[in-house]
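Have a look at the sequence and the model, then read on.

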Amino acid sequence: MKNRTLSIVGAVAFAPLLIAVLPQATANAHGYVSSPLSRQAQCAKNLVPCGAIKYEPQSVEGPKGLRSCNGGESRFAELNDDNKGWKPQSVSRAAAFTWTNTARHATSNWEYYIGSTRVGLVDGRGQQPPATVTHNVDLGNFTGRQKLLAIWNIADTGNAFYACIDLDINGGTPTTTPRPTTTTPQPTTTTPQPTTTTPQPTTTTPAPGQWQAGGTYKAGDVVTYDGARYRCLQSHTASDPTWTPASTPALWQRL
């Protein structure tokens, strides 16, 4: 029996290798200061014209220990531009800052700086914060237009999140402590009333036996006037100097 060897040559079909090119994954969302409006929050609200940061205000992430508004991220460099037209946020010296956390990372702490001065430190205790967290920060003696840097230090990585807020400290209505009202007593002025004195008639007692003007005489009195003697007929006072015994026979009788 003739053996036939069948050689089967397997045809190898080369299928084209398809490589799917996927877009670079967007970094996980994290957090930013949403009140008062931080620079990236103003970008997100289109209050200031901005680039890519307006789409992801929560993504300003960089190594711990930085003091820049963009967290060292070059594509967010516009956040470092102090002349971009940021809107100052009016606050008092006791200000409240709210973070919106789109990913709740375990937290070492939050820090707040004005210039090189740390004005606030909040311990995160290694715990996850809620979706929003608010810190009350005493801004000390800083007043007027100031730039505050808020930092969220993550516990389980070497990174932090950064947000700059332009403030107008005491830009609202100031609180004024009322001063006590001091009343200066006015001196009491009393207008003296004129004293009215009714003049009393002057009574002159004549020298014995001699008539005098102004003298008081009783009926029967005998006086001497101008060398003659007169008896008083009616009691009277010689208030008029012309009432001499010689000229008033109704009052005097010559003896």
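## The big picture

Of the protein's 255 residues, 33% count as buried (buried means under 20% relative accessible area, exposed over 50% and partly exposed in between, with a 1.4 Å probe and protein chains only). This is a predicted model, where local features need pLDDT of at least 70 and side-chain atom pairs count only at pLDDT 80 or more, while totals for chains, interfaces and linings use all residues. Residues are numbered from 1 along each chain as its sequence is written, and side-chain values use heavy atoms, leaving out hydrogens and water.

The protein has 14 strands and 1 helix (DSSP runs numbered from the N terminus: E of at least two residues for strands, H or I of at least four for helices). Among contacts with a separation of 6 or more, 57% come from residues 24 or more positions apart (contact means heavy atoms within 4.5 Å).

β1 pairs with β4 (residues 94–101) over 4 bridges, in the antiparallel sense, and Ser35 has Thr98 of β4 as its bridge partner.

## Two nonpolar cores

Now for the inside. The largest nonpolar core has 21 residues, and Phe97, Trp99, Tyr112, Leu139, Leu148 and Leu167 have the most contacts inside it (a core is a set of buried Ala, Val, Leu, Ile, Met, Phe, Trp, Tyr and Cys residues joined through side-chain atoms within 4.5 Å). β4, β5 (107–114), β7, β8 (144–154) and β9 (159–169) each supply at least two of its residues, and β9 gives the most, with 5. Apart from this core lies another of 15 residues, including Val48, Val60, Tyr162 and Cys164.

Beyond four places in sequence, Leu148 touches residues including Phe97, Tyr112, Val119, Leu139 and Leu167.

## A buried glutamate

Glu111 lies in β5 and is buried, with a relative accessible area of 10%. Its side chain makes a polar contact of 2.9 Å with that of Asn153 (N or O atoms within 3.5 Å, one able to donate a hydrogen and the other to accept it within protein; residues adjacent in sequence count only if both atoms are side-chain atoms).

Definitions and conventions. Pairing = 2+ DSSP bridges.
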